[in-house]
Amino acid sequence: LVSGREEIKAASRSSPQPMSPSDFLDKLMGRTSGYDARIRPNFKGPPVNVTCNIFINSFGSVTETTMDYRVNVFLRQQWNDPRLAYREYPDDSLDLDPSMLDSIWKPDLFFANEKGANFHEVTTDNKLLRIFKNGNVLYSIRLTLILSCPMDLKNFPMDIQTCTMQLESFGYTMNDLIFEWLEEQEAVQVAEGLTLPQFILRDEKDLGYCTKYYNTGKFTCIEVKFHLERQMGYYLIQMYIPSLLIVILSWVSFWINMDAAPARVGLGITTVLTMTTQSAGSRASLPKVSYVKAIDIWMAVCLLFVFAALLEYAAVNFVSRQHKEFIRLRRRQRRQRMEEELVCESHFYLRGYRLGHCLQPKDGAGGGPGIYSPTPASMLLREGESLRRCYIDRAKRIDTISRAVFPFTFLVFNIFYWVVYKVLRSEDIHSLP
């Protein structure tokens, strides 16, 4: 028995002791390992293939004025570093502290269309480092990015925008580093239940390459395109329906008596000013682009209709007062004829005193009483009344015609507008790759 115990003790002393995690990490990537984080894997050999995938945690703050969007992502990169392969440790993978990232080589990835970015350090650095037995390295980091997104606002607010995210190498050319997407179905994942305030993020996301050529060489670049379809519910409630009601309100003046000038002028000016304010408000949250947008066409036509309704009353008022001008003209003609009659009578009486040669008619008409018989006042009144009725009927006819022409024209415009922007142009946009 004693000899058996001694053999067991001797065997336990001769068997190797398991390596502690600290000693293992020092041997794998510490100073004694000979690992140099400044040198890429496969140095002077084939390029390092880095597989990328993205998990979108939140997507929002799409801003038209600055043409950018804000996104919160988990960026994951995976590559193989033969120097980190191991067999001494029993686990298939090691999850290491983020502080170990400074001890290994990492790709120099940056976002080519980035305008601003933030790391997350609450409660600790939001980073993940995992090393596998075969030397594969998984590096994940949480980022909040503000990315540039050039927008075409010609169909605003019925537009579909395509925003890109470009991942590029800054210092390594394609001879040293190549970025690739993970399998197409898992390359870009979206958090379940992700919603945007004004847009719908379409399911299809175009993955591709955007290799960059500079004076310093050819650099690897991959990109993903997000298709954002705008929901126009907000603009329908805040802009389209109010402007539509303002245009309809301007037509009320066609049913108001033409003699009620303060009411019709006040209504016309109020609708014009309100429409101007509404149009200015629609452009406040948009960039100052040189082309015409769909909302600009709508607001311009609505403003044109309310302004035309105001001008319509000006025309009605002008036509209804034309009979006064004719009566004034007839009175002036009557006064001139009476003066001519007085001149002729004076010529008749002065002829007896042999002074008629001093007052000869210029037109060669004979003098004497009874040459001109003035129109009776009652006849002038009847003529004036008939003229007044004639022009007032014309003015009323303008109002009657406007009651039908304005709504019909606006209806035709609406049909044309919504068919063009919601049907034709929408089909063209959806057909684009």
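When I say disulfide here, I mean a pair of cysteine sulfur atoms within 2.5 Å. Also keep in mind that what you're looking at is a predicted model.

So, cysteines to begin with. How many disulfides does the count come to? Going by that cut-off, the count is two.

Let's take the pair of Cys-149 and Cys-163: their sulfur atoms sit 2.0 Å apart, and they form a disulfide. About the S-S bond, the torsion for Cys-149 and Cys-163 is about -80°, so this disulfide is left-handed. Where are these two in the fold? Cys-149 is in the loop between β7 (136-148) and β8, while Cys-163 is in strand β8 itself, so the pair ties together parts that are 14 residues apart in sequence. Are these cysteines buried or exposed? Cys-149 is buried, at 0% relative accessible area, and Cys-163 is buried too, with 0% relative accessibility.

The other one joins Cys-210 to Cys-221, again with 2.0 Å from S to S. The link of Cys-210 and Cys-221 is left-handed, with -60° about the S-S bond. Cys-210 lies in the loop between β12 (206-209) and β13, and Cys-221 in strand β15 (residues 221-230), so here the parts being tied together are eleven residues apart in sequence. For burial, Cys-210 has a relative accessible area of 10%, so it counts as buried, and Cys-221 is buried with 1%.

If you count the bonded cysteines along the chain, the pattern is 1-2, 3-4.

Cys-302 is buried, with a relative accessible area of 0%. Cys-390, on the other hand, is partly exposed, at 34% relative accessibility.

Now on to charges. Side chains of opposite charge can pair when their charged atoms come close. In this model the count comes to 13 salt bridges, and I've picked out a few.

Start with Arg-38, which forms a salt bridge with Asp-36, with the closest N and O atoms 3.0 Å apart. Asp-36 has a relative accessible area of 21%, so it is partly exposed; the cut-off for buried is under 20%.

Next, Lys-212 and Glu-168 form a salt bridge, and their closest N and O atoms are 3.3 Å apart. Which parts of the chain does that pair link? Distant ones: Lys-212 is in strand β13 (residues 212-214) and Glu-168 is in strand β8 (residues 160-169), 44 residues apart. Both Lys-212 and Glu-168 are buried.

The last pair I picked is Asp-296 and Lys-293, whose side chains meet in a salt bridge at 2.9 Å, N to O. Asp-296 is buried, with 17% relative accessible area, and Lys-293 counts as buried at 5%.

There's also a network to point out: Glu-64, Asp-159 and Arg-230 are joined into one by salt bridges that share partners. For orientation, strand β15, the one holding Cys-221, covers residues 221-230.

That's what I had, so over to you for questions.

Terms used: Residues numbered from 1 in each chain as written. Predicted model: local features only at pLDDT ≥ 70, side-chain atom pairs only at ≥ 80, totals over all residues. Heavy atoms only, no water. Salt bridge = Lys/Arg side-chain N within 4 Å of Asp/Glu carboxyl O. Buried < 20%, exposed > 50% of the residue type's maximum accessible area, 1.4 Å probe, protein only. Helix = DSSP H or I, 4+ residues; strand = E, 2+ residues; numbered from the N terminus.
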